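I will go chain by chain and write down what I look up.

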Amino acid sequence: MKRKLFVGTLAVVLPLAISGVLLLHPTRARSEDKSSATEVRIDNFNFGPETLTVPTNSTVNWVNKDDVPHVIASNDSLFKSKALDTDEKYSFTFTKAGTYPYYCSVHPKMVGKIVVQ
Amino acid sequence: MEKKKLFDPNPSGLIEHDHNKDGIDRRGFLKCMAWAGTGALCVMGGGVLKSYGLGSQTGSEMKSHKMGHLSFVQISDSHMGFNKPANPDVIATLKAAVDKINALPEQPEFILHTGDISHLSKPSEFDNVDQILKATNKEIFFVPGEHDVLNDDGAMFRERYGKNSKGQGWYSFDKNGVHFIGLVNVMNLKAGGLGTLGNEQLEWLEADVKHLKRSTPIVVFAHIPLWSVYPQWGWGTDDSAQALSYLKKFGSVAVLNGHIHQTMQKVEGNVTFHTAFSTAFPQPAPGAPEGPGPLKVPAEHLRSVLGITDVNYVQGRHALGLVDAPLV
């Protein structure tokens, strides 16, 4: 019963939602199609996932879930955040394919990697 | 003085060969763990470390040291601005540390703060600490922690606390025949690495101690431990061995650090390494499964795992007495 209702609702809502998004934000809708998970969670002094693979032109969002501040810094100085307190976020858009290693410049044992394809 | 063992600070990962199940590694270095909640006194002389519990021989031992005495206090890791469950009121605990200092029977001549004054390098956080520490009426020497240099490579820190310092904030001074060296190992950290001193600072250090007599007692203070406490969590300094090689000729060297929010000691030759309590929140023992973040202990136990370090040096004895005193 619940499942039927859900499918039924989807059938009505989904085309409406898609057409709405396409009408209002045609470019954004296209880029969102390419990339799904673009969030890196900082939790207990770890980047999760440690390696994140995204298509070009993806915006990666880091969110700090720790009780201490962290700073996102790429190894080659391409990007660097301000200190992120608990629940604060930082975003960077990757326009070129490549591998981008980064670390926390406050706790340099914390390392991660963005692979842009 | 609360004597109950409220919280086990023994970093079990450090004792590798404990054949007698007594917490002492006889094949490795003697590691004197100062028990949180009791306080311990460690006196170093000629490489021999003796430790006493507070309230036993400590009183008479300290009184006999009055002649040619230098007394100072180390505080660390105030983390002003931190407001998470591990300690929602770091102002109150820093004030308690000030009360503790002001109540010491022998008043220290000055205070060393081994960094993480602030939590987020904000001017208001530094202002609050300055205001609270004023009540000690003592000269205070600071070195930065990584939390003090978050967004400006330490410019604000040096403007406030390092006007007479060299490079990124290092300096030295002399008190009562003891040579004090404040080092900075929280900047220019490299991906995957530990704390870093860097070549410029190492060269300065070598020159700074070159002309000192071998009998000059040395006290080095810096934020991140200058010994390898637990590299997996970044609790060490990549080029500390180089720094320590310049200090080998001295008969008595004490290295005072913070960063790990728990007391720990190690003796290696004529060098005593010591880490201090935080005044804000404790952190887990090295390698603990919960990771290195702030450790929440029951509220009524918090002040037994925070504290100050009272340091006494006796001229002629080449001995430095370190007392870790919890806030309660």
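**Entry 1: chain A in outline**

I start with chain A, which has 2 helices and 8 strands. Helices here are DSSP runs of H or I with at least four residues, strands are runs of E with at least two, and both are numbered from the N terminus. Along the sequence I read the pattern α-α-β-β-β-β-β-β-β-β.

A note on the source: this is a predicted model, where local features need pLDDT of at least 70 and side-chain atom pairs count only at pLDDT 80 or more, while totals for chains, interfaces and linings use all residues. Residues are numbered from 1 along each chain as its sequence is written, and chains are lettered from A and ligands numbered from 1 in the order in which they are written.

How much of chain A is buried? I find that 25% of its 117 residues count as buried. The rule counts other C-beta atoms, placed from the backbone, within 10 Å of a residue's own: 20 or more is buried, 12 or fewer is exposed, and in between is partly exposed.

I also look up contacts, meaning pairs of residues whose C-beta atoms, placed from the backbone, lie within 7 Å. Among contacts in chain A with a separation of 6 or more, 46% come from residues 24 or more positions apart.

**Entry 2: two loops of chain A**

I stop at A:Pro49, in the loop between β2 (46-48) and β3 (51-54) of chain A. The peptide bond leading from A:Gly48 to A:Pro49 is cis, and its omega is near 0°.

Next I check A:Asp87. It sits in the loop between β5 (72-74) and β6 (89-94) of chain A. Is A:Asp87 buried or exposed? A:Asp87 counts as exposed because it has 9 C-beta neighbours inside 10 Å.

**Entry 3: chain B in outline**

I turn to chain B and note 6 helices and 13 strands. Of its 328 residues, 50% are buried. Among the contacts in chain B between residues at least 6 apart in sequence, 70% join residues at least 24 apart.

I then look at where the chains touch. The contact takes 19 residues from chain A and 18 residues from chain B. The side of chain B that touches chain A has 8 nonpolar, 7 polar and 3 charged residues. For these classes, Ala, Val, Leu, Ile, Met, Phe, Trp, Tyr, Cys and Pro count as nonpolar, Asp, Glu, Lys and Arg as charged, and the others, Gly among them, as polar.

**Entry 4: helix α3 of chain B**

Which residues of α3(B) are buried? In this helix (residues 123-133), I list B:Glu125, B:Phe126, B:Val129 and B:Leu133. They lie on the same side of α3(B), because they cover an arc of only 100° around the axis. The arc is taken from the directions that run from the helix axis to the C-beta atoms. An α-helix has 3.6 residues a turn, so residues three or four places apart point the same way.

On the other side of α3(B), I find B:Pro123, B:Ser124 and B:Gln131 exposed. The buried residues of α3(B) pack against α2 (90-102), β5 (139-142) and α4 (155-161) of chain B.

**Entry 5: α2 meets α3 in chain B**

How do the axes of α2(B) and α3(B) cross? They come within 10 Å and cross at roughly 30°. I note that axes are lines fitted to C-alpha atoms, for helices over the stretch in contact, with angles from 0 to 180 degrees between N-to-C directions. The two helices are therefore roughly parallel to each other. Angles under 35 degrees count as roughly parallel, over 145 as roughly antiparallel, 65 to 115 as roughly perpendicular and the rest as oblique.

From α2(B), the contact is made by B:Ile91, B:Leu94, B:Lys95 and B:Val98. From α3(B), B:Asn128, B:Val129, B:Ile132 and B:Leu133 take part. By class, this contact has 6 nonpolar, 1 polar and 1 charged residues.

**Entry 6: loops of chain B**

B:Asp89 is in the loop between β3 (69-75) and α2 of chain B. B:Asp89 is partly exposed, with 13 other C-beta atoms within 10 Å. B:Asp89 and B:Phe281 are 192 residues apart in sequence, yet 9.8 Å apart in space, C-alpha to C-alpha.

Last, I look at B:Asn176, in the loop between β6 (171-175) and β7 (178-182) of chain B. B:Asn176 is not a glycine, but has a positive phi of about 50°.

Terms used
Two residues are in contact if their C-beta atoms, placed from the backbone, lie within 7 Å.
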